[in-house]
Amino acid sequence: MDLRNTSRLTTRREMLRMTGGIAGGALMARLFPGALLARPLAYPQQGTAPADPLAATRAQMGATPMETIKLADNITMLSGPGGNVVVLTGPDGKIVVDSFVQPAWTKLKQSLDGMGNGPIKLLIDTHWHFDHTDNNANFRAAGAQILAHENTKKRLSEAHDLLGMHFSPSPANALPTETFTATHKLTVNGENLSMAYVPPAHTDTDIYIQYPRANVLHMGDTFFNGSYPFIDAGTGGSIHGMINAATKSIGMVDARTKIVPGHGPLGDRASLTKYRDVLVTVRDRVQTLKSSGKKVEEVVAAKPTAEFDKAWGGGFMAPDVFVGIVYSTL
Ligand SMILES: [Zn+2]
């Protein structure tokens with residue numbers, strides 16, 4: 001699908017104005033003109049399209065307060081300005097997973113500096129999306145190397161249009177310095193970090209990071225805890241892949257594992273299982289309707305997520321848009 005095309009029914013500018021911002025993605029406009037997306041990211045001046053949706057989203061995400069949660073003696077989770085950052089500290093230096101958005105750099109750096117004198121050794125990107133990789137260049141400037149899946153480097157090197165935001169190819173100093181294809185192990189600070197590629201799920205760049213000693217698993221955006229997930233079909237994501245990723249992760253953890261989602265509060269096996277089960281139910285219902293010949297508008301109108309919307313529809317993805325994305329990837 002050519003993401004640069006705009007809908008016949010509504011131009012991107014009109015779409016942005018109608019939905020107050022990020023919802024103006026051409027893909028979304030093609031799927032459902034008028035659908036609402038991303039209610040928490042609505043801009044302060046309702047009805048005014050920002051000149052630069054990416055800058056506006058960065059500013060808004062960056063203004064989210066940052067919370068600190070201790071996962072183990074030497075592992076800290078920072079939550080808020082664009083997902084969940086995890087920091088492993090110790091004599092080998094700081095090993096950080098994901099990086100928030102650029103406007104949050106100062107507070108992230110302050111927080112890292114407050115975790116002892118060790119150097120910021122390594123940043124690991126869970127996938128290519130900007131709310132996880134936006135501070136890559138700042139980490140490099142602070143002395144860190146950057147590790148990611150090879151597809152993250154590839155995707156960051158390309159131009160993308162996503163949810164109304166335009167991404168230019170990243171400069172060389174914001175690209176991963178080391179990549180892997182299948183798995184990667186790292187013995188550092190008394191942990192045996194285990195990373196592996198997740199077959200296309202949220203994107204085609206996803207990895208997980210396991211901290212076996214502390215019994216922590218960072219799932220990146222293959223897990224949205226307590227809300228419908230965004231699935232980036234433009235870079236290889238699909239509902240089947242999301243379900244497979246969640247099922248595989250459930251098999252890797254026990255009841256005491258601390259599971260870090262890409263977005264949402266710290267999870268565990270029970271919350272991950274609940275999330276997976278919601279995805280399966282929605283996928284099966286949408287598949288049944290699609291197989292019976294229904295168009296996307298008809299499937300959305302049938303409200304196959306209705307029973308979950310109160311609990312799961314208040315996050316980044318509005319229910320109608322989520323259903324449309326699920327439909328488009330089946
Ligand atoms: Zn993402």
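Modeller: Among contacts between residues at least 6 apart in sequence, 62% join residues at least 24 apart. This is a predicted model, and its chain has 12 helices and 14 strands. Of the 330 residues, 55% are buried. The chain exposes about 13500 Å², with 51% of that supplied by carbon and sulfur atoms.

Now let's go inside. The largest nonpolar core holds 65 residues, and those with the most contacts within it are Val96, Leu108, Phe139, Leu272, Tyr275 and Phe322. Helix 9, residues 269-291, gives this core its largest share, 7 residues. Another core lies apart from it, with 19 residues that include Ile75 and Tyr211.

Two packed helices are described by the angle between their axes and the distance between the axes. The crossing is right-handed.

Which residues meet there? From helix 9 come Leu279, Val282, Arg283, Val286 and Lys290, and from helix 12 come Phe322, Val323, Val326 and Tyr327. Take a moment with Phe322: leaving aside residues up to four places away in sequence, Phe322 touches Leu279 and Val282, and also Tyr228, Pro229, Ile231, Thr305 and Met317. Phe322 is also one of the residues with the most contacts inside the largest nonpolar core.

How values were computed: Residues numbered from 1 in each chain as written. Predicted model: local features only at pLDDT ≥ 70, side-chain atom pairs only at ≥ 80, totals over all residues. Heavy atoms only, no water. Core = buried A, V, L, I, M, F, W, Y, C linked by side-chain atoms within 4.5 Å. Buried < 20%, exposed > 50% of the residue type's maximum accessible area, 1.4 Å probe, protein only. Helix = DSSP H or I, 4+ residues; strand = E, 2+ residues; numbered from the N terminus. Contact = heavy atoms within 4.5 Å. Areas by Shrake-Rupley, 256 points an atom, 1.4 Å probe, with all protein chains shown as cover. Left-handed = near helix turned anticlockwise from the far one by under 90°.
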